[in-house]
Number of protein chains: 2
Amino acid sequence: MSKLFTIGPVEMFDETLEIGGKQVPYFRNDEFSQTVFSASAGLKRLLFNEKGEIILLTCSGTGAMEATVMNCFTKEDNLIVINGGSFGNRFTQICDVHEIPYKAVEFDEIELTKEMIEEVISDDKFTGLLVNLDETSNGQLYDLQMLSEVCKEHNLIFVVDAISAFLADEVNIEKYGIDAIILSSQKALSLAPGLSIVALSEKMLDRVNNIDSKSIYFDFKDYLNNGIRGQTPFTPAVRVIIELEDMVKRLEDKGIENCIKETNEIAVYFRKRIREIGLDYPNYPLSNAVTPVIFPDENADVIYRKLIDDYGFTVNPSGGKNAKRMFRVAHVGKHSIEDTEELICAIEEVIKKL
Amino acid sequence: MSKLFTIGPVEMFDETLEIGGKQVPYFRNDEFSQTVFSASAGLKRLLFNEKGEIILLTCSGTGAMEATVMNCFTKEDNLIVINGGSFGNRFTQICDVHEIPYKAVEFDEIELTKEMIEEVISDDKFTGLLVNLDETSNGQLYDLQMLSEVCKEHNLIFVVDAISAFLADEVNIEKYGIDAIILSSQKALSLAPGLSIVALSEKMLDRVNNIDSKSIYFDFKDYLNNGIRGQTPFTPAVRVIIELEDMVKRLEDKGIENCIKETNEIAVYFRKRIREIGLDYPNYPLSNAVTPVIFPDENADVIYRKLIDDYGFTVNPSGGKNAKRMFRVAHVGKHSIEDTEELICAIEEVIKKL
């Protein structure tokens, strides 16, 4: 028996696996258009984006981040990038390669505050803000209300990568005045990797329609046009879209508040227990999606390996300077308090045996 | 019972469906690296590209076509594009958007000859040639030997989209001096859509390494660097890569000549029978992958619909001016002479009942 406590792919649900095992159907027909319409309508409701549109991209989350920047901004813009980890850094690389002017709010494993952003903004004129709501590399959940206020006060186009926050933490386009949200299939949606989703607000649609795309594959206008008939311009990840439609229906039945509540309960339980067994987690605000576990004895890498070999439990190793100091445990996907407790017991046993 | 005679997705094999129904594993580890190494090594052998490299992209075939043009050419180049259908036309759009100079050899449902290309080349200086070996929109298989000679004589970088030709027609990097080959998962490889493959020759690797990528997601240098450890820079279509590794092993066991021979036998049988029942197919050379069936009574669209509703057989409808004149029948995927005959009988019955 093996179990994933990784942040993507995550432990998948039986209904999804059943779809995965079936023949992939032909897709240039009404039947598949209905699947796309149904998935898109459900996603609009789950994201509170009833007046906006949904774009289904066959690519990873990074592909969708890049596509969003390319289609929503030009060299005439000037962006604020929240760079508190490797995914924030990726947004800066994307701006660099597309020569979109930006200034980054740079920090490392401390809580992001409004003052830190205001200091970078100072007297300059900015047009947009890019943020990874849950900076997955270290688990920090940024304050969406605060970011929303900054964007309103400075009249900034607000782009939110909610790839790992969606379904784990509150994300609401209407309430927070978000203009684009980026999602990926293999996070809390618990589908196979290979599909990313961009939700554009009504306001952002105007912007996108007035920007010349510098790409054929990532031209949002082409996706929006094809979306009218429930299609994508190029062969999409058909199987993952069918999984998506099924998942979205089940999420709507359950209610998004209940999804977030369940994940929160698992995260809170895990964090309480991890301190009880003598380990720690960071003090900055954390997403419900993932907990970085800090090992005072700098043996995270050894324990990571033992959990796989002896228990079949896979967690997310950390890279670079954090490789020995911490690993990350995800709370999204098919998880319960019970298997979270099993993981805690396994970590405790491994440490005792060292 | 339903069966796909479409050119992608195609009818999948049981072994692939079994993988599709399983939990997608975590991928940033040695086990998945071994899967990537195994799939890449097998693809190198199947494509006769032992000295080159394989890049695994999470995108559609169009994404891979665009990525290849972006990474292999610059504004300093001047390309010949073979434009004999909608996929050739897509190459011209890609060159347009990336401002890569080109001249197109334009023609419509007639056989491409060396003279047609030489006429376009005339006295100009060109650096590369882009071709869709099987122009899937109308089934023409271009003469690879002739194209190879043109490229050698004019010292052109030779880029071949073999998305629907691979495994159905001969494709050989070494023998034909090809510099890049583009493949997609949902054609004759018979996997789910969402993964594309680019094979680069040894010579092309030098070129790629000297071109500044204008993209983060489609930066081949990043894929080549990560490929050294059996990884991709961004979360790939993990499940499709596992399916790919399994399929490549089975293709190697079977032998690529046998794959091509089997598909050829089905195509030849289908074409003989389609004329016996009073229908026709084009006179230009055809790929073994697909046969455009011409309906003298201009009722292809009606018969297309009846085949689905009454028999569960899906073929590829044609678009635009060909919508009533023809549909296309694919011979790749899990197919036999027997189910090809079933399709012929069904077409015959439908026509009789009209």
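Student: What makes the charged end of B:R275 count as sitting over the ring of B:Y281?

Tutor: The charged end of B:R275 lies 3.9 Å from the centre of that ring. The rule asks for NZ of Lys or CZ of Arg within 6 Å of the ring centre and within 35 degrees of the ring normal, so the pair is listed as a charge over a ring. In chain A, the charged end of A:R275 sits over the ring of A:Y281, 3.9 Å from its centre.

Student: What kind of model do these values come from?

Tutor: This is a predicted model, in which local features need pLDDT of at least 70 and side-chain atom pairs count only at pLDDT 80 or more, while totals for chains, interfaces and linings use all residues. Side-chain values use heavy atoms, without hydrogens and water; residues are numbered from 1 along each chain as its sequence is written, and chains are lettered from A and ligands numbered from 1 in the order written.

Student: Why is the pair A:Y311 and A:F313 called stacked?

Tutor: Rings of Phe, Tyr and Trp (its six-membered ring) pair if their centres lie within 6.5 Å; planes under 30 degrees apart are stacked, over 60 edge-to-face, and the rest tilted. The count over all chains is 21 aromatic pairs. For A:Y311 and A:F313 the centres are 6.2 Å apart and the planes at 20 degrees, so this pair is stacked.

Student: How do you know whether A:F313 is buried or exposed?

Tutor: Buried means under 20% relative accessible area, exposed over 50%, and partly exposed in between (1.4 Å probe, protein chains only). A:F313 has 5%, so the residue is buried.

Student: What makes B:Y217 and B:F234 a stacked pair?

Tutor: Their rings are 5.7 Å apart centre to centre, with 25 degrees between the planes. B:Y217 is in the loop between helix 8 (202–209) and helix 9 (220–227) of chain B, and B:F234 in the loop between helix 9 and helix 10 (238–254) of chain B, so the pair ties together parts 17 residues apart in sequence. Helices (H or I, at least four residues) and strands (E, at least two) are DSSP runs, numbered from the N terminus. B:Y217 and B:F234 are both buried. They belong to one aromatic cluster, whose other members include A:Y217 and A:F234.

Student: Why are strand 5 and strand 8 of chain A said to be joined by bridges?

Tutor: Two strands pair if DSSP finds at least two bridges between them. Strand 5 (residues 128–132) and strand 8 of chain A have five bridges and run parallel; A:G128 stands opposite A:I157. Strand 8 of chain A is also joined to strand 9 (residues 180–184) of chain A, by three bridges and in parallel, with A:D161 opposite A:I182.

Student: What makes strand 8 of chain A mostly covered?

Tutor: Five of its five residues (157–161) are buried. A:I157, A:V159 and A:D161 point one way, A:F158 and A:V160 the other. In a regular strand the side chains alternate between the two faces of the sheet.
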